[in-house]
Amino acid sequence: MKRLMDLTAETGLVVDLHLMLDMVIPVHDGFQAQGDLLVAPLAPLADRVRAAEGAEWHEVSPGGVELLRGLAGGNTHSLVADPDTCVWTADVIDADGLAIAAFDAMATVYLLHREHGATGIAAGQYVVRRQRELIQPRVPLRRMGFVRHRSLPRAVQREVLAAQAARYRLIAD
Amino acid sequence: MEGMSIKPMDDAQRAIAAHALEWTDRALSTEPVDWQRWLTGVRGCYDHISVRWPGNVVRVSSPLAMARALFLARVDETPGDEGRALIGMVRGLVQDRVDGLLSKFSDRAQVTRALHRVHSPVEAAVGGDAVAQAVEHAFATGPGIRDPHDTQESARAAARRIAPSTVRLGRAGQMANRSSAWQLHLGGQWDSAWCAYATYLAGVVGGDTRKGWRRRLQALVDAQSAGWWWPHLSFVMVSDRPRVVRTEELGDGLRRLHNADGPALVWPDGWSLYFWHGTRVPAWVVEKPTVDAIHAEANVEVRRCGIESMGWEAYLTKARLRLIDTAADPGNDGFELRLYEVPAAVWGMPARVLLAINGSPERDGTRRRYGLPVPADMDTAVHAAAWTYGISQDQYAGLARRT
């Protein structure tokens, strides 16, 4: 059982000082959320998510693996594990388009974030997904005047300017 | 793209990323313009299109000043006659010539890579044609006397310098269309995306560095190193760069125009534009968002920016939107989720919004609340929260812990 301060000492990653550093990090094997990321056991989502064939699996080093960097100077979610206990891959196929990584842990691993502290994950197979929100319907593309259109590369000018209505966009801390 | 998922990069990817970063910084630079270099480039362009160098360079303080100056000087260009305007010749004989050769020398994969990894991020950084749209808006909504004082001065001074030499180029018998002459400009640093794309491919293509097309490319790149420029038979008008550019980092060197505290672009004459996370917005979105202003706004994207600027919690309370459901936040003891109805008139389509609360406290001990728009068919708060992660209501209700 590790405390937040144990993790920060082992990995060299920092967390905000107002978080409870001496609290033992709870470890769970079910669904957990850290900010805008979801850690989900793979089995319940097996019909939606899987690792790609020929996916490149990498070992999770003790210093941690960055899974998602926040935008606009925001912070990173890092997966940390003891040596030789966990492998991860970014080559994941998700019917909902939300997965950014999958990992296979043979011992307890942790997801660390500067503002959210640490999430303890029991041994098992998991997928990490981003959060989404609804965006508005696409405003129809203005018919570009001659001037603007000609400032684009020819390769783009030739393409059909069809705007596909995306129903959602991904968000970050 | 919000947030960057990490994939290991090889050398080629690092090189292309560095190229895009370099050109993003050039596009948004407020450093003093190297006017000698710009002049060399523009003279080179006139040379390549075989037009005599007019010798009359007229500097203005902003794109808006350029547009007003062309109007005041009665420069008459009807879009549609571009083939006879010099911009058409520059685009055709310089830009398209280079573009075509680059396409010929590159394979499809290289072109696609250059478009996605170089052209796209640089174009996004400058906000596409946001500056042109702002000038169009200024013309549509107000006469020149409402422009900043120095913009008007710059426009008048420039108009006086070119007025004696302008020529009516409209078709005989056709009503002169003066208000859109400004559209026939080349974008300067605002056209950086093409320059970034072309210089990248030119580097990849290799081969003889003395080739003529490389000289054309260099001339155009140099000519695009200042602000907008407007080539005419009798003069060249060129705008200054902005003196203030405010952006936010998106990771890996990607940037977009944004400032929550004031304008994101300010030109030396005071003409200012506001941006919210890459979208051009009216000043009120940044300076003073109110429910009334949000609801009076015609543009749905601007409305969304106004709500974000005000904050969903404040907006939901002040606009008194209908509360549909509240529920204990699974895995986040003592806090609750709230689901509100958002009128279709506000969001552009029926929608609901989930008011969620951070699982971790801020430095001052409070918990930040934020709004997540969700589809209108979300019937409960927990269902809405589950949707945001793509899982079922039951799966989300069983969330062990949220931080």
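**Interface of chains A and B**

I looked up the area buried between chain B and chain A in this predicted model: about 5,400 Å², of which carbon and sulfur atoms give 53%. Buried area here is the accessible area (1.4 Å probe) that two parts lose on being put together, summed over both. I noted that 64 residues from chain B and 65 residues from chain A take part in the contact, where contact means heavy atoms within 4.5 Å.

I then checked polar pairs across the interface and found 17 residue pairs in polar contact, both residues at pLDDT 80 or more. A polar contact is a pair of N or O atoms within 3.5 Å; within protein, one must be able to donate a hydrogen and the other to accept it, and residues adjacent in sequence count only if both atoms are side-chain atoms. The rule also finds two salt bridges across this interface (a side-chain nitrogen of Lys or Arg within 4 Å of a carboxyl oxygen of Asp or Glu). I looked at Arg154(A) with Asp96(B), whose closest N and O atoms are 3.5 Å apart.

On the side of chain B that touches chain A, helix H4 (residues 86–105) of chain B gives the largest share, eight residues. Helices (H or I, at least four residues) and strands (E, at least two) are DSSP runs, numbered from the N terminus. By class, I recorded 25 nonpolar, 19 polar and 20 charged residues on that side; Ala, Val, Leu, Ile, Met, Phe, Trp, Tyr, Cys and Pro count as nonpolar, Asp, Glu, Lys and Arg as charged, and the others, Gly among them, as polar.

**Helix H8 of chain B**

I took H8(B) (residues 192–205) with H5(B) (residues 108–125): the angle is about 145° and the axes are 8 Å apart. Axes are lines fitted to C-alpha atoms, for helices over the stretch in contact, and angles run from 0 to 180 degrees between N-to-C directions. The residues of this contact are twelve nonpolar, three polar and two charged.

I also took H1(B) (residues 11–27) with H8(B): the axes come within 10 Å and cross at roughly 150°. From H1(B), the contact uses Ile16(B), His19(B), Trp23(B) and Ala27(B). I counted six nonpolar, three polar and no charged residues there.

**Salt bridges**

Over all chains, I found 24 salt bridges. In one, Asp16(A) meets Arg114(A) at 3.0 Å, N to O; these residues are 98 residues apart and link distant parts of the chain.

**Conventions**

Residues are numbered from 1 along each chain as its sequence is written, and chains are lettered from A and ligands numbered from 1 in the order in which they are written. Local features need pLDDT of at least 70, side-chain atom pairs count only at pLDDT 80 or more, totals for chains, interfaces and linings use all residues, and side-chain values use heavy atoms, with hydrogens and water left out.
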